Amino acid sequence: MTAAGTDSAVLEPTTPVAYRVAGKRKEMGDTWTLELEPVGDQRLPGFLPGQFSMLYAFGSGEVPISVSAIAGGSGELTHTVRAVGAATGAICDARPGDQLGVRGPFGSVWPLDAAEGGDVVVVAGGIGLAPLRPAIEQLIAERDRYRAVTVLCGARSPDEMLYPSELQDWREAGIAVETTVDSATGDWEGRVGLVTKLIPLAPFQGERATAFVCGPEIMMRFVAAELRGRGIPPGRIHVSLERNMQCAVGHCGHCQLAHLFVCRDGPVFALDRVEPLLGVREL
Amino acid sequence: MRVLERKSLSPLLEALRRRGYEVIGPTVRDGAISYEPLSSADQLPVGVTDEQEGGTYRLAERDDGAVFGFNNGANSWKNHLFPPELSLWKGRRDEDGEIRFTEQEHRGGPYAFVGVRSCDLAAISIQDRVFIGDAYVNGDYESRRRDAFIVAVNCAEAGNTCFCASMDTGPRAGDGFDLALTELLDGGHRFLVEVGSERGEEVLAEVGSSPAEPRDVAAADAVSEDCASQMGRELETDGIKELLYRNVEHPRWDEVSERCLSCGNCTLVCPTCFCHSIDDATDLAGTESERVRRWDSCFGLEHSYVHGGSVRQSGKARYRQWMTHKLATWIDQFGSSGCVGCGRCITWCPVAIDITEEAAVIRATDRIEAVGINADD
């Protein structure tokens, strides 16, 4: 045995590493943020904003989940998970101290460096804000590398607006944050309507802007069209796609989108690589 | 070039076994040619041939005593290099909730594959690019493949569903083998042997062979030329990637999906199809778990399942995925076609859907003006 949690000298990326739930926070009805730390000496390489891990709840299953925060290199991982099936349900049911299996990091990153010197617009739909949060936090941490930074968040209802207190923190940290909901409830006094409606109001100049978009695929397609309409070239509009992922290393074939393996070539893609593909039904 | 006598086949297999190889070769099993572990040359399908057509496969006798007088059966060398089911790791959760994963050892090989047809040699090299040609190397495949000794056999007759000549993968093996045999029946039952590696040379020296005479070489050339002229099918590959990208919306996909049963036979018999699922099985107590890799098929609804439903709901979308992957997107992914022209998908399709016919119909009704999809890389 070479490391706690795994009895193997050379670890295959197909084998999970044991992580412990160090902290847990309820975000909304069925959505939780879990902070994970390595159980033994074995830890995964550092994740970058946009990348994902395969989270395994013992006996229940394994799912791809993007990192929702980047720790400072000590091996901790943060994931925001919505309970929609057996595996995600079991992950959300995990209590502090419980152990999960984790594989990763996998996939491509939000190209933050390439956005330097220009405006940045981040557009999130629902839980799509989670994979964008590490990028937003890095934009704030390195605020002077960018011009106008805008975060636009849409949710179905006020109860489903992810990270509400952080939205306020981000405003105070010097970036514009605008929100909208499909249908208002309770004491919501903000905007009502699709997130696409926020784009014409956002303070960026298309020719020097970069966009990061994550949400339901249909939302991303409409958002992308709006962003293009405001002059952002498709090569600088980046979307994060979701497909069936099982091996996460480009071998099992489930995540194929035409010639692309979403797990390996994505999940973050420049729009010009995927736009014609997303327009074909059932591709 | 050398000549191996018919009676030297048994010593050849023996020499391979002596060197520590598990010998896998053709034998008759369940009414079909199957590549199985062989303990003796007597298990080879002597005097057996096959009759293949769309949706049809039958063995028949032949009276010339040919040892390799048949074409491919349903299974391929993929069954040994990329086994249908493979345990990846076992997990254990103890009473304190500690979880631990133990990787399964890579157990396969070293293999000697005897009787590899040229199309299947091409298929092996295609799966090499999938499993060991990328950033992540699949350790199990690599260990099975690395030391495999390959005895190719050049086909003497093409089957009715064969089209390797169209795919430029046969019928004569070009490289990638240690030894390549051409079975010669006229003028004495013997094999012309081409040596492809140093260890092939060594094995042949142990078995004993004689120098080939011009008439042996000429006879083998004639066998391969005859075979190439007998192809039961053909597939025009010129510009096929662009053809299928352009015709991603084409009425033929609807038409073929009305016949397709989405059974997945074509993907199971295909020597290059690599899709697999990652399945977990856990005991009822929830303490022991095993992860297994299993062949999967893009014809299953589960294949493209994401929360909310499968991406490819219709049979049309699933057939289009398979054929477009095989003949077009594969080229962008791995630098070659995913089809080697072995014809298995035609033979083993229960409703005789024919990939060469489907491609030809789309070509004949090419929607030249269609935008389709573009691959950027």
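Mentor: Let us begin with a single pair of residues, bearing in mind that this is a predicted model. Ile70(A) has Leu77(A) as its bridge partner in strand 5 of chain A. Strands of a sheet pair through backbone hydrogen bonds, either parallel or antiparallel. In this case strand 4 (residues 61–70) of chain A and strand 5 (residues 77–82) of chain A run antiparallel and are joined by 3 bridges.

Trainee: Which helix packs on the sheet there, and which strands does that helix touch?

Mentor: Helix 2 (residues 129–141) of chain A packs on the sheet and touches strand 1 (17–28), strand 2 (31–38), strand 4 and strand 5 of chain A, with a direction that makes about 25° with that of strand 4 of chain A.

Trainee: In what order do the strands of the closed barrel in chain A run?

Mentor: The closed barrel has 6 strands in the order 1-2-5-4-3-6 (chain A), and the pairing is antiparallel. From one strand to the next, the twist averages 45°.

Trainee: Is the pairing of strand 8 and strand 9 of chain A parallel or antiparallel?

Mentor: Strand 8 (residues 149–155) of chain A pairs with strand 9 (residues 176–181) of chain A in the parallel sense, over 6 bridges.

Trainee: What is the strand order of the open sheet in chain B, and which strands are its edges?

Mentor: The open sheet in chain B has 8 strands in the order 3-2-8-9-10-11-1-12, and its pairing is mixed. Its edge strands, each of which pairs on one side only, are strand 3 (32–37) and strand 12 (210–211) of chain B. Inside that order, strand 9 (residues 149–154) and strand 10 (residues 179–184) of chain B pair in the parallel sense over 4 bridges, with Asn154(B) opposite Thr182(B) of strand 10 of chain B. Helix 7 (residues 214–229) of chain B lies across strand 1 (2–5), strand 9, strand 10 and strand 11 (190–195) of chain B, and runs at about 90° to strand 10 of chain B.

Trainee: Where can I find a hairpin in chain B, and how many residues lie between its strands?

Mentor: Strand 6 and strand 7 of chain B form a hairpin with 5 residues between them, and Gly97(B) in the turn has a positive phi of about 85°. Strand 6 of chain B runs antiparallel to strand 7 (residues 99–103) of chain B, joined by 5 bridges, and Lys90(B) has Thr102(B) as its bridge partner. Strand 6 (residues 85–93) of chain B also pairs with strand 14 (residues 288–295) of chain B, in the antiparallel sense over 7 bridges, where Arg92(B) stands opposite Glu288(B).

Trainee: How should I read the packing of two helices?

Mentor: Two packed helices are described by the angle between their axes and the distance between the axes. Helix 9 (residues 251–259) and helix 11 (residues 315–334) of chain B pack at an angle of about 105°, with their axes 8 Å apart. That angle is why helix 9 of chain B counts as roughly perpendicular to helix 11 of chain B. Among the residues making the contact are Trp253(B) and Val256(B) of helix 9 of chain B, together with Tyr319(B) and Met323(B) of helix 11 of chain B. By class, this contact has 4 nonpolar, 3 polar and 3 charged residues.

Trainee: Which backbone features deserve a second look?

Mentor: Most residues other than glycine have a negative phi, and most peptide bonds are trans. Ala248(A), which is not a glycine, has a positive phi of about 75°, and is found in the loop between strand 12 (237–240) and strand 13 (256–257) of chain A. The peptide bond from Gly266(A) to Pro267(A) is cis, with omega near 10°. In chain B, a cis peptide bond joins Gly170(B) and Pro171(B), with omega about 5°, and Pro171(B) lies in the loop between helix 5 (164–167) and strand 10 of chain B.

Technical notes:
Residues are numbered from 1 along each chain as its sequence is written. Chains are lettered from A and ligands numbered from 1 in the order in which they are written. This is a predicted model: local features need pLDDT of at least 70, side-chain atom pairs count only at pLDDT 80 or more; totals for chains, interfaces and linings use all residues. Side-chain values use heavy atoms; hydrogens and water are left out. Two strands pair if DSSP finds at least two bridges between them. Helices (H or I, at least four residues) and strands (E, at least two) are DSSP runs, numbered from the N terminus. Contact means heavy atoms within 4.5 Å. Axes are lines fitted to C-alpha atoms, for helices over the stretch in contact, and angles run from 0 to 180 degrees between N-to-C directions. Angles under 35 degrees count as roughly parallel, over 145 as roughly antiparallel, 65 to 115 as roughly perpendicular and the rest as oblique. Ala, Val, Leu, Ile, Met, Phe, Trp, Tyr, Cys and Pro count as nonpolar, Asp, Glu, Lys and Arg as charged, and the others, Gly among them, as polar.
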